[in-house]
Structure formats: structure tokens, C-alpha cells
Number of protein chains: 4
Amino acid sequence: MASNSFGRHLRFTTFGESHGPAIGCVVDGVPAGVPLCEADIQPYLDRRRPGQSKHTTQRQEADQVRIVSGVFEGVTTGTPVGLLIDNTDQRSKDYGEIARQFRPGHADFTYQAKYGLRDYRGGGRSSARETAMRVAAGGVARQILKTALGDQMWIRGALVQMGARKINRAAWDWDQVERNPFFCPDAETAALYDAELSAIRKEGSSIGAVIEVVAHGMPAGLGDPIYNKLDSDLAAAMMSINAVKGVEIGDGFEAACLRGEDNADEIQPGNDGAPLFLSNHAGGILGGISTGQDIVVRFAVKPTSSLLIETNSINVAGEAVKVRTKGRHDPCVGIRAVPVGEAMMALVLADLLLAGRASKI
Amino acid sequence: MASNSFGRHLRFTTFGESHGPAIGCVVDGVPAGVPLCEADIQPYLDRRRPGQSKHTTQRQEADQVRIVSGVFEGVTTGTPVGLLIDNTDQRSKDYGEIARQFRPGHADFTYQAKYGLRDYRGGGRSSARETAMRVAAGGVARQILKTALGDQMWIRGALVQMGARKINRAAWDWDQVERNPFFCPDAETAALYDAELSAIRKEGSSIGAVIEVVAHGMPAGLGDPIYNKLDSDLAAAMMSINAVKGVEIGDGFEAACLRGEDNADEIQPGNDGAPLFLSNHAGGILGGISTGQDIVVRFAVKPTSSLLIETNSINVAGEAVKVRTKGRHDPCVGIRAVPVGEAMMALVLADLLLAGRASKI
Amino acid sequence: MASNSFGRHLRFTTFGESHGPAIGCVVDGVPAGVPLCEADIQPYLDRRRPGQSKHTTQRQEADQVRIVSGVFEGVTTGTPVGLLIDNTDQRSKDYGEIARQFRPGHADFTYQAKYGLRDYRGGGRSSARETAMRVAAGGVARQILKTALGDQMWIRGALVQMGARKINRAAWDWDQVERNPFFCPDAETAALYDAELSAIRKEGSSIGAVIEVVAHGMPAGLGDPIYNKLDSDLAAAMMSINAVKGVEIGDGFEAACLRGEDNADEIQPGNDGAPLFLSNHAGGILGGISTGQDIVVRFAVKPTSSLLIETNSINVAGEAVKVRTKGRHDPCVGIRAVPVGEAMMALVLADLLLAGRASKI
Amino acid sequence: MASNSFGRHLRFTTFGESHGPAIGCVVDGVPAGVPLCEADIQPYLDRRRPGQSKHTTQRQEADQVRIVSGVFEGVTTGTPVGLLIDNTDQRSKDYGEIARQFRPGHADFTYQAKYGLRDYRGGGRSSARETAMRVAAGGVARQILKTALGDQMWIRGALVQMGARKINRAAWDWDQVERNPFFCPDAETAALYDAELSAIRKEGSSIGAVIEVVAHGMPAGLGDPIYNKLDSDLAAAMMSINAVKGVEIGDGFEAACLRGEDNADEIQPGNDGAPLFLSNHAGGILGGISTGQDIVVRFAVKPTSSLLIETNSINVAGEAVKVRTKGRHDPCVGIRAVPVGEAMMALVLADLLLAGRASKI
């Protein structure tokens, strides 16, 4: 069933496989009059691009995006924005055993079970390569948000845990995020990650991570109850990212431990007439609708299932096999999930912003 | 924007407010030929019904469901199943300060911000009363699943944490779930919850919880990549339940701590030709598609924001006020969220089962 | 597959069968702040109500609508508007041969072919009874349009042909529409219809008709290219009405006969700065978007297939049978299709009006 | 609002403008295992391609389609099929007055009114160039239908009227359709069209047409009541094609003239157990569901609004202007609408075929 689109008012549709000639995306529902060019999108792709440090896959992709429709004389026209990226480093090698084996923890088995066949080249459609188009579409969403809300808004993401090691939140510095290969806001912890991940990579293993994404400067009122609540849409968005196993808003699972009076974000009259919240346990969302505070989402990424370490599995014929994946892979896919999470945040918020234009008559 | 529907092939739409005359639901996309009567649905509503123990709200609702369409001679006809429940204990009292105050942690403020007005009677549409219709719709979904998959399938939920106290998973006994007012599978911990929640209620406070829902007997192949992955749909479904702040699949946030070889669920050839998984860290989902193992979801519920304990807030005019909520409420909304979570699991699975009927030509 | 909803931003979902206990509708996506009460809807239902003249079915239904949700203190709240109408004259008689026979020209055979069973009581879901809920939903849509656009807008329908006899368009008088049982704007032709339809009814036969619906006072810019064009949505809306076999916009099929210079509606600068169109061959729609002129739609209704005159058919067992339908029926279903067509026009326009709120940034 | 997609289970999304670098399409929901290559699609594009006779626009486009995703080793994989066609003959000339004038009968004015700006190059998105992607997507839909239903099914279209002149239906010969530049099934009338259209073209004028599309070999049971009826979906599909002003099914508007006993398609037991219909006034659809007979749709196309003959209009500043369009255009856009109508028929049928896979449990 058609399922490669996300969003309702602003809806994007992606296509393309890891080792096909190109990947692409259609962003539909973009209002007319939004300034947009490739340079508005490319920086986000560059952050997600592989091969930029020893800690990510060595596949080399320029990831140069082309806008092929929907823009005229520097602004959007209201028609769908078509985006294309050529695949340039898909290796047409012999795929060997991968074609017949199911990697434990990977989608190999489930695609075969669902469809009766699969494109095994580089993981086909199940590859994280698809997330490049999310990042591109997210660039369009950011332009919508900026144009509508002004430059004070921002959406940023950070890696806040790798393996069992969490960052020191007291040391949080957004500027640090761009200064280490982990998108980590805590420089000291980033240095520890560097050593730890180097060791893991050398062992042919992999490790999980937790990502936090924050949207600042959003108005109160975003989110449509009951089944397109802001938090519900965010949960769907983040959980659809490869390898994500958990999503939480604000205090998230910690909220289960709290008593009501500790969880309730008290309110005071603000100087500007707007409410002044004294805390943000809610992560900026109440009843599925934004409060105007920072919107805070975290998601957990499992360790990559492509391993040099041998595991037990079966092949297409149902026979027992030993599996080792020799190809290029990310020892911690959570790192490159940071720009992807930001993009999904932008896409959800732009969709709900536009959808909400008619909440009052 | 229209947002009170969930699902694509099987889509249900709810309507109704906490203190209106009735609540209702339309379940559209039910195949013809599914046995269905009120008695197939009512037991699930009875489990969610308020007023059954001292630990839930004292509002008295019979929650008798009526099927008004879509069934003929005991089976569904392929036309939409209309379900209605009359509200019988909505108190037409003076709502007093609630009409003008924003309870901290509650949707009062955000509904007002979004719509410029709100139905403040019992929380209006933002009340958990709406979840009764999810449970009713879930009853229909269960009949679809049972008819398609046979009686060996089941979907069950349990409360696995209240406040900071987690159950002893070694003591898990599904039979216990129906024997205590907490839907707790661990009898000893349930006894502790009883004492703890009594104290919390007397103090006029509330507490959060974590719920686990398991679906057994599901085939491999459910879930549509990329944006209607099984886990993505489940995340949206669970996060749309009132007060939920986090969702995780299988090992969830713990997966971030694991190394690849520990997270990978190894596979052996099974006796029946089907794969035999040696563990289930993935919670039955890989690449957004079911593996055939048990599907395992957990979600965190924050403490109720209606408190007898006074908190600081503002009113509609933006003035500082002290808020205390004297009405009936659940000191731990997580308890009654158990049957709601089960229902959402059933609805997602039935939708994807039907949607998947055409994944192979 | 779920298919009982119409619209995207404003979406309504109907349920209920001809001889079930009730029919109902959920109107989702109504903005907050629209004045709405039963009296805003009932007049439209009263126009569609059966049994008002000898020319329509003698089934007696009060068709009293109840609003059960979505309205508080006289205005909509942004939550779904639930509407219910009890069926009061469904006869629980012996349905006899109807249960097993397929009436030629009727949905009996196709429902059986599709679903393997059917609710044969009064036509079940395929009965025009469902259209009562469209008219009710249309009443909500009219309130949205009036509130947004002001009282100068109107939507009116008229029967412009019955059998081969067309009205005299030069004699068109909207006031006449409410003064004869045919919704005919030409009094003289209405008198002829009266005689003709009486004869047809006595013979146990039926006849087709053509309906025209006009929307006045709509702004330019309604309609979303490419696949939710205003004309495309109107075509879907009208063709979904029972017994409709053709839909046209403006000059419609006559446009095929025209040369470009005769079809092109020339434009002059208007006194108010708005364009002044010198003709309206286009029916108020160009490129799928409204021009600001009157929006003009016509649709053809086939003759009722329930006949006292005997026809050849088969039964569920595939055996040859002779079919005569003795029950109550409309000899010209086109008459009561007039308010239904108006309602669908209102619903499409309100949906696109709201959807279009975000076409410019 | 996102509106460049069509279909539910099988959903395609198009993008691209007349004079942009490329046009494209994503076909989502294609089941795995359908044989598909460019050669399955190209012949349909070749039929729609411009510049093949003096009677269509002289724009030269190779219209070579590339499949960039969703196919592996000759069959579909269940992932979205991405299709691209480069624009090669978009002239980067000075667009002159077109940039500021509104052609009467054209979408120039309405796009400007809706979006506040427009891509005026060759009509931008409102150009019939977009229909190339419908034809390409239709080629995919045909492969689905053939694989599911076998080779005895076919979908064919024909031009049955140009201007006021209708074909002689007694002379209908499908083979003739490919032998004249009008897709006309009646050779004698085609010869008359040739002379007439040559004269019209020389005068700088244009003319309308009527197209008929027939689907043969479809099973009974296609179509989802109430709002995705087969006829409702077909009406939306055909009316979304550029310049279409009317759609009818079976007898269409003529059905309004009929009496019930003349319109009812009587049924006899067939030799093979299937029902044998004695006529097909219904055009193969009853109650919105296919009967198993030929599905017959006709649609009316207005004359092209790009004319060498001068007409009165206004420009973007609201000033009176005289408009003449000197560029390349089709004097009868109805001709090339034939393969487009066939494609939309195929897309609707494939969507409903897949959607209907779960109509019975």
C-alpha cells in the first residue's frame, strides 16, 4: 500500500534505493512565495553526508541536490518541489552472500517475508540512504518555517548518549555540536566518544545512541487533536527513521516516576502578556498542542546490525549460516541520525503550521 | 484540519466530548463477513470503565455500546460500523473557576490558544473519555484479527511500572493482570501499588506509570515502509493516547546502550521451516515490518494534571491564579490506559494486515 | 477499504443503512467559532425529506437531526461535529423475494459480488437514505462558508430537465424553485412535469432528470491543482450521489462543439479593480481553480431502478427470475437529488476554502 | 495543500513544469513481483508524444522515460517506482507579453489569483505537459492489471466527436484508432476531421472534442462505496485532465431521458454461471461497483484557449489588453487526451483492484 509519503497539508514522498541511479523526493503543499534555492538545502545534506570522519561509513557521496520543479525566479510557486540526488558511489560489485543471507537485526528477512523478493544491493530501500531525501525535504520545511515565523526560530539536534554514556547536560553548548564528529554538545564527553567508538569500530562491532532535537520559537497552538497531535506526529516521524526504537517528549519515560505537582509546569503572567512557564517537563506539548515553549524530542537508535563479528542466521533457503558483513557501514548510525531528526522535526512542524491555518474561522 | 481519524485501510473516526450527550465512533474499512455483535466489544469497555475500584475516577458510566450500522445477521457487511455510547454521568454542575483557569500540565491552555475558545466541561474533547471509543473500535479490530488469523493470536497489556517502582519481570503472570485493579502481572508489586496509590490519592496528588502491550501470533510481513512502518504507526497510535510522553519498541531506549552483537536477534532454522529467533530485542519488528515474533510496545504515562494540591497558574485574562481541581479524577491514569493501549495495538495491526493484502501481486 | 469519508481539510464520514436504527455523520475539520445549531441544518433536511408530495417516496421520516458533539455555547469548538438522525419508518416486514433477487439497474448484484453478502433491507447502505447525512453535513459547510465569506454568498440547485424535456432557461426564476415539488425554476415546465410524472408513476415506471447547482459569491483561487482541482472534486462529489451518471461544468459537453474564440470568456477591467468576465462558458473554473464567477455544475440522474414493471433478472443462486418491486420508491430520484447536489457543492467549496488558507505564505 | 497525488492504495504523485528541466512521477503502492521495464511504458508515451502530425503541437519531445527506482531484476520490489522524463525542447526565449497577460479561458488568471505569482513559461504546471507523467504511471498500472487479471483485459480510448461532428458508431473499428492522427475508430469521419481541423488550425482557432475510454475484462466488484465509488473516482480522474469539462458513464446524460424499464440492464443466467447482461446502459457500474461488463467513460474536452485570433483580456496590472498567442499549441487538445484518458482509467482500476483485496475477510 502507498506508504512512502509523510504529512497531510505539507506532504513529501521519497523514492530510490541505496544502489540505484538516484534518489528523489517530491515536497507537495509548499505555499507560494517561499524563497528557495539549492543553497538553502545543501548545508543540511552536507552535515548528513557520509565519509566525513572515521566514525561514519566510507561510502563517498557528494549528495548534491537539484531542484527540478516548483521554484521560479527564486521563490516557490505553490506547485510540487521535486528534488533529486544522484547516487555516485554505489558499487556494482558482486554482492555475494548478502544476496541470500539474512543479517540478524536487519530488514533483510522481513522484506523477503513481506514481498517474496528484495533488492539486496546495499540494503535497497531499507538503507539509511533514503534519509538523505528527508534531510533535503527538511531544508524546504525550514524555509517555510523561517518565512512564516521569522529568523528567531531554530531547530537543532544533538547526540546526548552513546552506548551507556550520557553527556553532562550542565556542560551543554550548542556551538560544540558542529565542532566534533558526533554532533555532541558536551566537548569533554565527545572526546570520550572518540576513543570509545574507535575501539568499537576496530572490533567490527557497533553501538547505539540517543538523539535530542529541540525546536525553538514555535507559536502555541500547533497540533491537531486527536490523531494528529503534535507529539503523535513527532513520534511517527522519529520512529520511521532507520534503527530508531524509542521516542519521548519532554521528560518522557522519566515522567512516569513523577508526582503530579512535580510534573505540572506552573505558569505565571509574562511581561509581554504571554504566559511564562516555570519549567518544561512537558517538552512544549500539552494535549497534543504546542505551548509556545521549546519543543523537545529524544529518540533512541539501536546499534547497526551490519557487523564484522560473526552471528548465527539463516539464508533464503532456510539453512543455518554464519553471517559477517564486510562492506562499508556506520559503527554508530545515531551520529548521522542527528540531521535526520532535525529534518523530521521541521517537516512535522511546517505541516502542522500550515494545517492549522484554519483552526479558527 | 480533519484529524479525528486513525488508520488507512481500516480507519476509525471518533467524536464526542466528556460532558456531551454521547460519544461515538465510525469504523470504516471492515471487511464483510466478520462475526460481530455488542458482546464482542463490551468486555473490553468493561475493563476500561471508570469507578471499578478506589484507584480510578468515581464517575459512573455504564459504557454500554450500541452498534448502529454495518452489521447484518451477525456479520459485518463491508459498510461502516457505527458505534455509540451515551454519556450518563456528566454532571451539569456549575463549572466555576475551571471555565476560566488553565490547569498546569493540562490541555486547557493549549486548546484556548489554538481555537480561541474551549468546551471546559470535564475537559471537553481533551478528556480521556474519548478513549472509550478507541477501546470499542479496538474490539472490532480484534474480531478482524481473530477471523483472519485464528484463535491462537492474542493482544494483552499490563502495567509494568508505577512511579519509580517497576514490577519484577521474573514474576510475570498474565493471569494476575485481571486479578488486581492495576492490570499488574506481578501480584506482589500490585500489593505495593495498592498502598502507595492510596497514599497519593489521599494527598490529592497523582503518579505516572509505564504500560506494556504484547501482540502474539502475528504473521511476519506486517508494516509498510517507509512512513507507515509498523513501529511508526504504533508510535503514533500510543503517543496519541492522553498523557503519554514516551513510546518504545522491544528493548527501546535500552537498545542505545547495546553493542551490535548483543542487540542482533540471531536466527536458527525452526522445526516447521519458519525461522527461529533466539531472542527478541527488536520487539518483533525489523525495518518497520513484523518478524513473526511477539510484538512488544511500552509507553510512559505522565501523572494526572488534575490535582487537589494547589499550583500556580494564570486564567483566561492572563492573571495569576492558584489552581486546585476538586472534581473526580484518576490518581494514576496509567491504569485505565492498559485496555486503551491494547485497543490501539489491535487497530494498528488490523489496519496493516488489511493494507498488506496487496503487497505481492 | 475505508471509503465513507469525503474531503481533506474538512472531511465528513457517514454511516448507517436504510433500515437500521439510525444514520449518522461526523464532520471533522470545522474551524472553531462557527455559529451552529440544529436550526441551521434542519431546513435543508426538510427540503430533502421524503413524503412531501405524491412525486416522492411515501416513506415517512421526520429526519430530525441532533448535534451530539463539537458545539459549545452556540459555536463550533474545532472538534468533530457529530450528527445523528433516527430512522423511524423502516418497516420490519418480510422482505420476501428482494432478499434473493437482483433488481436490474440496481446495486443488489454488485454488492453481492463485492462482499459475498448484503443487507437487502431497503437497499441497505446503497439506499439514497445515506444522502440525508450529506445534506446535514452540507448545512455545516454552509455555515462555514457564510461565516467566512458573508451573507452575499449562496448555493442553490434546480431541476432543469426531466426525461427529455428541458426547462425554458429564459423563464428561470429562482423563487419558483421552492414553489413546486420539482425544485424547478420554470413554472410552466413544472406544470408539465406534474402531469408527466403522475402518468409515469401510475404505470409503475420511472424517469431520469438533470440537476443544476450554482454557487455565487465565491472568491477566485479555490481549488488545488493537479488532482484536487475544484472541478475534479466537484465531479467526484456529484458522481458519488446515487443514480448520477454524468457531471459537467459550465458549458460541459457543449464545449466540445465550440471553437476557441467562442469558448474563451473574455475579460475587461471591472469597476472595482476585479476582472469583469464577459461570459461564463467555463462555469467559474479555469485550470481547476475558481475565477470568482458563479460556479455552475450539472449532473444527470438515471431513472429509479425499482419498478412495478416486470423485468428479467437472476437471483442469488443464478436462476432466471422476473422482478417487480412493490415497495415505496421515488419515480424520479432526480427531484430529491437537488438538495443533495447543493450540499455536495457546499462541502467541496468549504473544504477547498479551508485547504487554501495556506496557498500563500 | 498537497494535491499532486492521485489514488489511495496505488498512489502516484507527479511533479514538474512545462519548461523546467524535467518532469517526474512516483508510483507508490505497486505490489512486488510485477514485470516492469521502460519498454512496458514507452509505447504509451509515444502515442501521446507531441509533434507526430500537423494536428498537434510542433514542440519536439522525445519523452524517453527512465525508471530510477522500485524495479530489480525485471520485476517490481514493492518500493516506489520513480519515473523521470527530461524536457528537451523547452525554449528559453523571451516570453514577452505572456508573462503579464491573462489568456481568456486559460489558467493564467486563476494561478495568479491563487498564488500571487506564477511560472508563465509554457503554462508552467498548468500545461498539459504534466499529462505525460500520467501516461507513464498508467503504463505501470496496466502492468499491474495484466499481471493480476491476465492478457484478456484491455483498456482502449477513442475520439468519438470533434466539434459538433460525432463519429458513426456503427462504423466503430478499434483497429482504425491507430491508423489516423485522431485516434478515431471511424475511418470516414477521421477523414472529415482531417480537413476540418486543418482549416481551423490555419485560422488560428481551435476546437473541442469528446473521448471515450473502455475497459474490458474487469471483474465484478471493483469500487468502494460510498465516496470512492468506481464512477466517482473515474469522474475525478477524468475531470482532472486539462481542459475537460464533462464526464459521463455509460449512457450518461442520455440516461436522464430514459424510463426505468429502458435503462435497466436486464440479466440472464450465463452459460458459465456468471450473469449475462442483455445491455450496458450502466456502462459497467452499478451502485459505484463494477458489474463485470465493459466499463465505459466519456469526457468532453474544451477547445484550446491559446489562440492566434485576438481576444480581449486584462494584464497583471488590471489593464485592458488584446491577447494573441503565437507559440506552439494543439488546435484540438482532445486528440492527445486519448492516451491520457486511458492512463487515468488504468490507474483508477488498478487502485481499486488492490484496495478491494480485503473487501471480504
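How much area is buried between chain A and chain C, and what share of that area do carbon and sulfur atoms give? The area comes to about 1300 Å², with 63% of it from carbon and sulfur atoms. Three residues of chain A deserve a look: A:R357, A:A358 and A:I361 together supply 51% of the area that chain A buries against chain C, more than any other three residues.

Before going further, please keep in mind that this is a predicted model. Its scores are ipTM 0.97 and pTM 0.98. For chain A, the mean pLDDT is 95, and 99% of its residues reach 70 or more.

Now for the contact itself. Chain A brings 16 residues to it, and chain C brings 16 residues as well. Zero salt bridges are counted between chain A and chain C, while five residue pairs are in polar contact there, both partners at pLDDT 80 or more.

Helix 3 of chain A gives the most, with three residues.

| Kind of residue, chain A side | Count |
|---|---|
| Nonpolar | 10 residues |
| Polar | four residues |
| Charged | two residues |

Terms used
Residues are numbered from 1 along each chain as its sequence is written. Chains are lettered from A and ligands numbered from 1 in the order in which they are written. This is a predicted model: local features need pLDDT of at least 70, side-chain atom pairs count only at pLDDT 80 or more; totals for chains, interfaces and linings use all residues. Side-chain values use heavy atoms; hydrogens and water are left out. Contact means heavy atoms within 4.5 Å. Buried area is the accessible area (1.4 Å probe) that two parts lose on being put together, summed over both. A salt bridge is a side-chain nitrogen of Lys or Arg within 4 Å of a carboxyl oxygen of Asp or Glu. A polar contact is a pair of N or O atoms within 3.5 Å; within protein, one must be able to donate a hydrogen and the other to accept it, and residues adjacent in sequence count only if both atoms are side-chain atoms. Helices (H or I, at least four residues) and strands (E, at least two) are DSSP runs, numbered from the N terminus. Ala, Val, Leu, Ile, Met, Phe, Trp, Tyr, Cys and Pro count as nonpolar, Asp, Glu, Lys and Arg as charged, and the others, Gly among them, as polar. pLDDT is the predictor's confidence in each residue, from 0 to 100.
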